[in-house]
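Dear colleague,

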Amino acid sequence: MSYGVDILKGKTLYAGKCMLELFDNNLISYQYKQNEAQLNLSLQEQGWSQIHLLHSNCCPCQNKDLKPLDQNYNKIKLATVAMLCDRDYNFLLTRRHYQMKTFPKSWVFPGGMVEGHQNLENECLREVLEETGLDVIPILDKMELKVMYESIYPTKLEENEYPIKQTLCMFYEVKINQSYQNVTIKMGEKEVDDFKWFSKNQMLQIMNGQIKDYQFLEIAGIYPNSYGSGIGEGHVKAFLHCYA
């Protein structure tokens with residue numbers, strides 16, 4: 001598997017510097033060149049699509065230009081995320097397996113890294129299939145790129161610490177034409193150990209930490225919460241940006 005998509009702002013971008021600071025604006029232009037495995041970004045480029053770029057309130061690379069001690073730089077990686085919902089806007093959240101190296105036990109929308117020279121929408125739907133067992137294509141109503149989010153792990157960096165992973169996540173709304181009650185989820189057990197469907201209003205309450213139902217307390221709020229779980233911050237910010 002090759003994560004060979006270069007993210008460029010004139011030149012290839014590497015982990016260690018906040019992307020939002022590079023643009024000094026949260027509305028940017030983008031152009032994906034599938035054959036060249038490149039995602040080009042610019043502050044404003046005629047003929048390119050525009051999208052909002054979000055990041056953490058406490059971005060660990062903000063006001064920094066971090067460099068690895070061994071000079072082995074990591075490229076910023078590209079991922080797709082599916083805000084999967086049914087015809088009535090009930091949304092699917094999955095819990096990352098507790099043995100995952102990054103963000104274990106966090107509740108997230110299905111998604112993953114983009115392989116080189118691939119169609120982004122197809123990659124997004126492939127991740128849904130791998131993690132949930134759901135083949136969306138025959139029941140797809142619409143699919144739309146909604147927002148981008150810069151994710152950095154770890155979420156807090158010690159002095160002179162270099163990020164393990166810096167990822168640009170492309171959040172799509174993926175809407176199916178059926179009720180969630182009519183679809184079957186079969187978890188990819190190496191990556192996912194639980195899943196739940198929530199109405200749009202429940203999602204808003206959970207993400208804002210306002211849910212009072214005891215069974216949802218483990219999920220509520222931004223990861224990591226007091227239960228060592230919660231929803232990934234990027235997924236919270238993307239959802240609230242699109243649906244609040």
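Leaving aside its neighbours within four places in sequence, with which residues is threonine 155 in contact? The residues are Cys58, Pro60 and Phe103, where contact means heavy atoms within 4.5 Å.

Before the remaining findings, a note on the basis of these values. This is a predicted model, in which local features need pLDDT of at least 70 and side-chain atom pairs count only at pLDDT 80 or more, while totals for chains, interfaces and linings use all residues. Residues are numbered from 1 along each chain as its sequence is written, and side-chain values use heavy atoms, with hydrogens and water left out.

Threonine 155 is placed in the loop between strand 10 (140–153) and strand 11 (165–176). Helices (H or I, at least four residues) and strands (E, at least two) are DSSP runs, numbered from the N terminus. Threonine 155 counts as partly exposed because its relative accessibility is 43%; buried means under 20% relative accessible area, exposed over 50%, and partly exposed in between (1.4 Å probe, protein chains only). Although threonine 155 and valine 136 are 19 residues apart in sequence, their C-alpha atoms are 32 Å apart in space.

The loop between strand 10 and strand 11 also holds proline 154. Proline 154 is joined to tyrosine 153 by a cis peptide bond, with omega of about 0 degrees. Proline 224 lies in the loop between helix 3 (200–207) and helix 4 (233–243).

Backbone angles

Most residues other than glycine have a negative phi, and most peptide bonds are trans. Aspartate 24, however, has a positive phi, near 55 degrees, and is found in the loop between helix 1 (19–23) and strand 3 (27–33). Alanine 37 likewise has a positive phi, of about 55 degrees, although it is not a glycine; alanine 37 is in the loop between strand 3 and strand 4 (38–42).

Are these two residues buried or exposed? Aspartate 24 counts as exposed because its relative accessibility is 69%, whereas alanine 37 is buried, with a relative accessible area of 2%.

Aspartate 70

Aspartate 70 lies in the loop between strand 5 (49–55) and strand 6 (77–85). Its relative accessibility is 58%, so aspartate 70 counts as exposed. Aspartate 70 and histidine 97 are 27 residues apart in sequence and 31 Å apart in space, C-alpha to C-alpha.

The chain as a whole

The protein chain contains four helices and twelve strands. Its C-alpha trace spans about 50 × 40 × 35 Å along its principal axes. Of its 244 residues, 50% count as buried. Among contacts between residues at least 6 apart in sequence, 69% join residues at least 24 apart.

An unreviewed UniProt entry places the feature "domain: Nudix hydrolase" at residues 75–219. UniProt positions are given in the numbering used here, feature names are shortened, and annotations may be inferred rather than shown by experiment. In the model, residues 75–219 are 14% helix and 38% strand, and the end C-alpha atoms of that span lie 31 Å apart.

Yours sincerely
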